[in-house]
Amino acid sequence: MVDTTLVQVGKNLTEAMKILEDGQRGLEERPEGSLFSRASIPGPLLEVGQDVATILHRIHSLIHEGEEGEDKPNPHRMQNVGEQGHIALLGHSLAAYISVLDRERLRTLTTRILSDTTLWLCRLFRYENGSAYFHEDDREGLVKVCRLVIHACYDDYASEGFAVFSSKQPVIYQSASGRPGLGQHLCNQLGLPLSNLCTVPCNTLFGSQHQMDIALLEKFIKEDLESGKFPLLLIANAGTPGAGHTDKLGRLRDLCDQYKMWLHVEGVNLATLVMGEATSAVTAAPRCDSMTLTPGPWLGLPAVSAVTLYRHEDPALSLAAGLTSSQPVAKLRGLPLWLSLQYLGHSGIIQKITHAITLTQQLLQNLKSMSSIKTSVEDELNSPVVLFRFSQEISAASSSGSVEAYCAGEKEAHDAFNRWLGKELARMVPASGVEVVELEDEGTCVRFSPLLTAADLGTQPEDVDNVIKKLLELVPLMTSTMSLRQDFKEETHQRSPYLRYIEELSWPGLGAVRYEPQVEGIDDSRRTKEIKKINTELLKKLQELDTDIVFSSGLEYTGEEDCIFISMVADDVDVSELVETIVTLGRDIEENGRLLENMTEVVRKGIREAELELLKSNDEKLMEEGLLRQLPVVGSVLNWFSPVQASVKGRTFNLAAGSLDSTEVTYSTKAQSGRSPLKDSPTLSSEKLQGQKLFRRSAAGSDSISESSSVGQAEGSTNIRSSISICVPEEDSASQHIPEEIPESNRQTNHDQVEDKALLEEKKLEGQDGQSS
């Protein structure tokens, strides 16, 4: 007999998942009036109830609310929920249904679910005679275990509480490479001061630098015993959060037995216990007193609780510590895992763990062939975590600069490059699950831990191949950039004081510069505004150039303002040309800005001088023509009988010289002086080969590019017209109208050139008259 309610629960979950996963169909099928905008989300409860489909559409809109303005949706934003994920989600729905059963049936069912799940997990992870505690927070199991140990070691703790600690203070030991904040959280939950927490350093001379120093741990234990303290519990790692290394669990087990301490183990490497051939470092983990497992990430099961397996013979103490509960509903936390383990089966669980280990081996074998990539693994045969980082030898890092100058920021520069490398790989191959980690000794590294990500993201061997392919593209770019950093710094220093090199080691690129305007006599506030204005305009012009180099403000990496950051560059980039172009464009912007600032005052001065010249010309005209010609009627009669040949006398205003010159020669030759156009200055692109980008050295004759071409007349530079002609014809002197002419090329009037041109034209006309005669 099939329970129709259970069937309906499964059907409803299937329909809900289809609606949430098929967002496009959900948006099309949404009825009118049910659209929810951001402004309508925080509102009062509707008077009329909504159907399930409408509520699910609303949840979908809330999930994808931030994707409205994105150009491309991220397909890996959410976990890859497969069929086994649906089973885990079904477990939560069934738990709600089972909780309404009658008490006796509920108790029987929950006991069976808890017993089955505990048995399966203990057999999978080789943990005999253990009990299981299911919890949402993966740290909660350790907190409960600590309470269990306190109850077991302090008989009067249940009645007297913290007063029992007055005679013997408990001490909890943890590794320096353990999970950050775990010890502090444990003390806060237990109400213990941080002085009861002892952090043991890792090895410095022998063994892995991520393993706990056992000799130093034993020394700390002896010192605590001599001071009247009580060693309570030791937290060991089977896969550190950063590097994935495992402590020497066998020796730690013997040490805990010697001093009667509780040993707790946690870490991602515990997942390899399900394999037939686990590593020797992990095989000692089942001997511990308790260990915390996180099967959800390992198997790709969403919303599955973590599990803490422990051994203890007194059920009353387990109940007092909170590891067991008398409420049947609390036992339903293991229902999603109970369903998922049955769906996957023993072989399916082993296949997922083996698949993750295979991916790490595939990546590790390919990384070994890259000279500039250094790897760090605990076991090259079965390590579930691979660390790698870009590293370049000092001797190859500077082609012409000093090694000492490079060594000063070697580690910081490599950390910046590896941080950029990890982010680029995660962006280019999101299904790989690579991430950036910061380690104390190695620095910044890229971590590949498929046990934590492969099941969720669906990582396949093709994704690892794509990671290798992208590395082959990015590593040469990083190598060339690292090699040219010192050259770029020296070239920038040679252009001082116009360019200032910004020592920003956190920038993953060629470097950063700031153009410094050469202006004197201004205060600091005005100088800061001038620097910001020029560098902002300079950055825009550099971004308009036809080049593969990326110029940016770098604000996402550093707090330096008003700077120009140059990205990664290829090995054929001409650093000298690049720096010279930056200087040239900056000087053009500075000079043009200075000319624009002075133009207003110069033009105003020229207009005043032109007005004085107009008054003077009017007085000369009055003296030349006489007083009678100025009378309205008499002047017209005299002009009719005896016309006056008035000469055109105007003035041209030279903006560059700031002076007024006569236009008499201009009108006599019927040509504006200085109108001969100049040839356009060569640009950077005019000297490049067809299709070649800027700042790239050509295959032959890379040194033939003259310095003047790179100084540049860069694309997009502003040409300021430098002269204004104010021509005043004598006939229009009464109206004082001043027409202005702005030549496009010449800045000064060359009278001799105009006179020579007129003389040549006259000789040419005389020769033509002689031939005709």
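**Salt bridges and a helix pair**

I started at Arg 495, which is buried at a relative accessible area of 13%; buried means under 20%, exposed over 50%, and partly exposed in between, using a 1.4 Å probe and protein chains only. Before going on, I noted that this is a predicted model, where local features need pLDDT of at least 70, side-chain atom pairs count only at pLDDT 80 or more, and totals for chains, interfaces and linings use all residues. Residues are numbered from 1 along each chain as its sequence is written, and side-chain values use heavy atoms, with hydrogens and water left out.

What does Arg 495 form a salt bridge with? I found Glu 580, with the closest N and O atoms 2.9 Å apart. A salt bridge here is a side-chain nitrogen of Lys or Arg within 4 Å of a carboxyl oxygen of Asp or Glu. The pair joins distant parts of the chain, 85 residues apart: Glu 580 sits in helix α19 (residues 575-625) and Arg 495 in the loop between α17 (461-494) and β12 (499-502). Helices (H or I, at least four residues) and strands (E, at least two) are DSSP runs, numbered from the N terminus. Glu 580 is buried too, at 11% relative accessibility.

How many salt bridges are there by this rule? I get 20.

Next I looked up Arg 179, which bridges to Glu 266 with the closest N and O atoms 2.9 Å apart. Arg 179 lies in the loop between β2 (170-175) and α8 (182-190) and Glu 266 in strand β5 (residues 262-266), so the pair ties together parts 87 residues apart in sequence. Arg 179 is partly exposed at 23%, whereas Glu 266 is buried at 8%. Asp 138 joins Arg 179 and Glu 266 in a network of salt bridges.

I also checked Asp 137 with Arg 139, where the closest N and O atoms are 3.3 Å apart. Asp 137 is partly exposed at 28%, and Arg 139 is partly exposed at 29%.

Last, the helices. α15 (residues 410-428) packs on α17 at about 155°, axes 11 Å apart; axes are lines fitted to C-alpha atoms over the stretch in contact, and angles run from 0 to 180 degrees between N-to-C directions. I therefore call α15 and α17 roughly antiparallel (over 145 degrees). Their contact (heavy atoms within 4.5 Å) includes Phe 417 and Trp 420 from α15, and Leu 471 and Met 478 from α17.

Definitions and conventions:
Angles under 35 degrees count as roughly parallel, over 145 as roughly antiparallel, 65 to 115 as roughly perpendicular and the rest as oblique.
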